[in-house]
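Q: Hi, I'm new to this one. Could you walk me through it?
A: Happy to! Here it is.

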Amino acid sequence: MADGASMSRGGVGPTGPRFIGRFDSSNAAAPVFAWSGTAISLRFQGTAISATLTDGGNNVFEVVVDGKHSVLPAQAGTKKYGLATGLDNGAHDLVLYRRSEALFGETTFNGFDLPASAFLPGDPAPSRRLEVIGDSISAGYGNEGTFPCSFGAPTENHYLTYGALAARALQAELYTEAWSGIGMLRNNDGSTVDTMPQLYPRTLPGSTTSVWNFVQYTPDAVLINLGSNDFAKGDPGLAFQMLYADFVEMLRGHYPAARFFLAVGPTLDGASYTQALAYLRGVVDTRATLGDQNLVVLEFGTQDATADGIGCDYHPSRKTHQKMAEKMVSALKADLLW
């Protein structure tokens, strides 16, 4: 599954923790992670389990044990957290899932409080692989709130974003690289520093020296949902389309066989939506002239605030995320025959 929350009982995969998403494992005993939706799954035997994390105290995690969910707010410093107690002394499946995005700081995983003898073979990683590259929409900004509300880690839940919902529906692994306010050409504040083309190649997006090894994960499909912030201060012009095409070319170098979905919506509307759509179609046309036809535009449309509600700061509600997930699932099934 995308996050391991619903696993079979086969137990034919590796024994011990499985890391989902980008982790800096230069210190194997204490891997560091930050991107939305990064997760650690484990199949174990025992009546209780805890984990030790080092965090700045701003992140929130989803804990899933045998399909039962709880929310874990992190504290500042290195702390031991009880994840489950009172279990029967049998086999159990655990997922520790990062709901909050990288701007809330990095987290270090210092291990579970179980001996290695308690680790059981888990299910193998899903054969289907997805990647979502985006901004606040893909991170889940404000989807746990109802407008008007203030944004913070408690109102952001990547587990219920369209990407995570779609991945679970398709039984696919998901890697997400998303940062609120980020753009392709320019960010929401108009700056051109720390845009997605600059942060994307990093294992830890807040570190300029962190470099991701693309050999570690090759997706079957990549969905890019960027542009809303580029349009925050008006039409970014053809420079947006050109840089977008350059970004796609870079991705194609890493993922020669992947299907690319260039998404538009749901926070853009009117002329901005129409123009963004035109730019994305221009990118598809540019790639076609280079012999690359393995990409398509995916329209999420404009969110319906009246029918579906909105989250904090006019961001998509959980209902809108569900509708987006359904469109993503349909597109993946049609194009990849999943």
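This is a predicted model: local features need pLDDT of at least 70, side-chain atom pairs count only at pLDDT 80 or more; totals for chains, interfaces and linings use all residues.

Q: Which residue in β7 is the bridge partner of V60?
A: That's P73. Also in β7, V71 stands opposite E62.

Q: And what about the turn of that hairpin, which residue takes a positive phi there?
A: D66 does, with a phi near 50 degrees. The hairpin of β6 and β7 has two residues between the strands.

Q: Zooming out, what is the strand order in the open sheet that holds β6 and β7?
A: The order is β1-β4-β9-β6-β7, five strands with antiparallel pairing. At the edges you'll find β1 (18-20) and β7, and each has a single partner strand, so one side of each lacks a neighbour in the sheet. On average, neighbouring strands here are turned by 20 degrees against each other, ignoring direction.

Q: New topic: which strands make up the open sheet that has β5 in it?
A: That one is β2-β3-β10-β5-β8, in that order, and the pairing is antiparallel.

Q: Why is one side of β2 and of β8 left without a neighbour in the sheet?
A: Because β2 (23-24) and β8 (76-84) stand at the edges, each with a single partner strand.

Q: How many bridges join β5 to β8?
A: Eight, with β5 (residues 49-56) and β8 running antiparallel. To pick out one spot, look for A51, which stands opposite Y81 in β8.

Note on methods. Residues are numbered from 1 along each chain as its sequence is written. Side-chain values use heavy atoms; hydrogens and water are left out. Two strands pair if DSSP finds at least two bridges between them. Helices (H or I, at least four residues) and strands (E, at least two) are DSSP runs, numbered from the N terminus. Axes are lines fitted to C-alpha atoms, for helices over the stretch in contact, and angles run from 0 to 180 degrees between N-to-C directions.
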